[in-house]
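Take a look at the chain below.

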Amino acid sequence: MDFVDLDINKMTIKLKKTAKRTNRLVYFDEETAYVLRRWLKQRENRNKDKNHPALFISKYGDRLDLYPIDDLFRKYAKRAGLYKGTEIEDKITPHCARHWFTTELLEAGMSFEHVQHLREIRP
């Protein structure tokens, strides 16, 4: 995601177009907006010299790499008891959370149409 893809006032982020993506607009709540506003202040300090277009940048002012994000996800998944470190669970990724989210909602009785709406996948 790039900085220009974020609309903090409308609380949306526009995702990059892909062959499978039918809806590129993701909505977020007030809590996320609050966290993003705090991040934007930090980003401004990190991005003074490079003027990088990425929304999320490293402490060196470069676009974040996926591997450290996966590592953080595994760290917090382990804290939450979701990750035991066995061979099958070594494949735990942020994308897995999307599937867990869907499965939990469907098993709790939410209609498929509502789940689709929450995942912002519209046929």
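T12 touches D5, L6, D7, L25, V26, Y27 and F28, leaving out residues up to four places away in sequence. Keep in mind that this is a predicted model. T12 sits in strand β2, which covers residues 12–14.

Is T12 buried or exposed? T12 has a relative accessible area of 8%. Buried means under 20%, so T12 counts as buried.

## Its neighbour in the strand

I13 also lies in strand β2. Its relative accessible area is 10%, so I13 is buried. Beyond four places in sequence, I13 is in contact with M1, D5, L6, R24, L25, V26, F28 and L36. One of these partners is R24. I13 and R24 are 11 residues apart in sequence, and their C-alpha atoms are 8.1 Å apart in space.

## The nonpolar core

Which residues make up the largest nonpolar core? There are 11: L6, I8, I13, F28, A33, L36, W39, L40, A54, L55 and I57. Helix α1 gives the largest share of this core, with four residues.

F28 is a core member. Setting aside neighbours within four places in sequence, F28 is in contact with L6, D7, I8, M11, T12, I13, A33 and L36. Both T12 and I13 are on that list.

## The largest pocket

Now turn to empty space. Rolling a probe the size of a water molecule over the atoms shows where such space is left. The largest pocket holds about 1,400 Å³. It is lined by 31 residues, and the closest to its centre are M1, L15, R21, V26 and P94.

Which elements each supply at least two residues of this lining? They are β3 (25–27), α1 (30–46), α2 (66–79) and α3 (94–107). By type, the lining has 18 nonpolar, six polar and seven charged residues.

## The whole chain

The chain has four helices and three strands. From the N terminus, the order is β-β-β-α-α-α-α.

How much of the chain is buried? Of its 123 residues, 24% count as buried. The chain exposes about 9,700 Å², and carbon and sulfur atoms supply 56% of that area. Now take the contacts with a separation of 6 or more: 23% of them join residues 24 or more positions apart.

Definitions and conventions
Residues are numbered from 1 along each chain as its sequence is written. This is a predicted model: local features need pLDDT of at least 70, side-chain atom pairs count only at pLDDT 80 or more; totals for chains, interfaces and linings use all residues. Side-chain values use heavy atoms; hydrogens and water are left out. On a 1 Å grid over the protein atoms alone, a cavity is a set of points where a 1.4 Å probe fits but cannot get out, and a pocket is an open set with protein on both sides within 12 Å along at least five of seven lines; lining residues have an atom within 4 Å of a point. Grid points are joined across faces, edges and corners, and a volume is the space filled by probe spheres set on the points. Ala, Val, Leu, Ile, Met, Phe, Trp, Tyr, Cys and Pro count as nonpolar, Asp, Glu, Lys and Arg as charged, and the others, Gly among them, as polar. Buried means under 20% relative accessible area, exposed over 50%, partly exposed in between (1.4 Å probe, protein chains only). Contact means heavy atoms within 4.5 Å. Accessible areas come from the Shrake-Rupley method with a 1.4 Å probe; for residues, only the protein chains shown count as cover. A nonpolar core is a set of buried Ala, Val, Leu, Ile, Met, Phe, Trp, Tyr and Cys residues joined through side-chain atoms within 4.5 Å.
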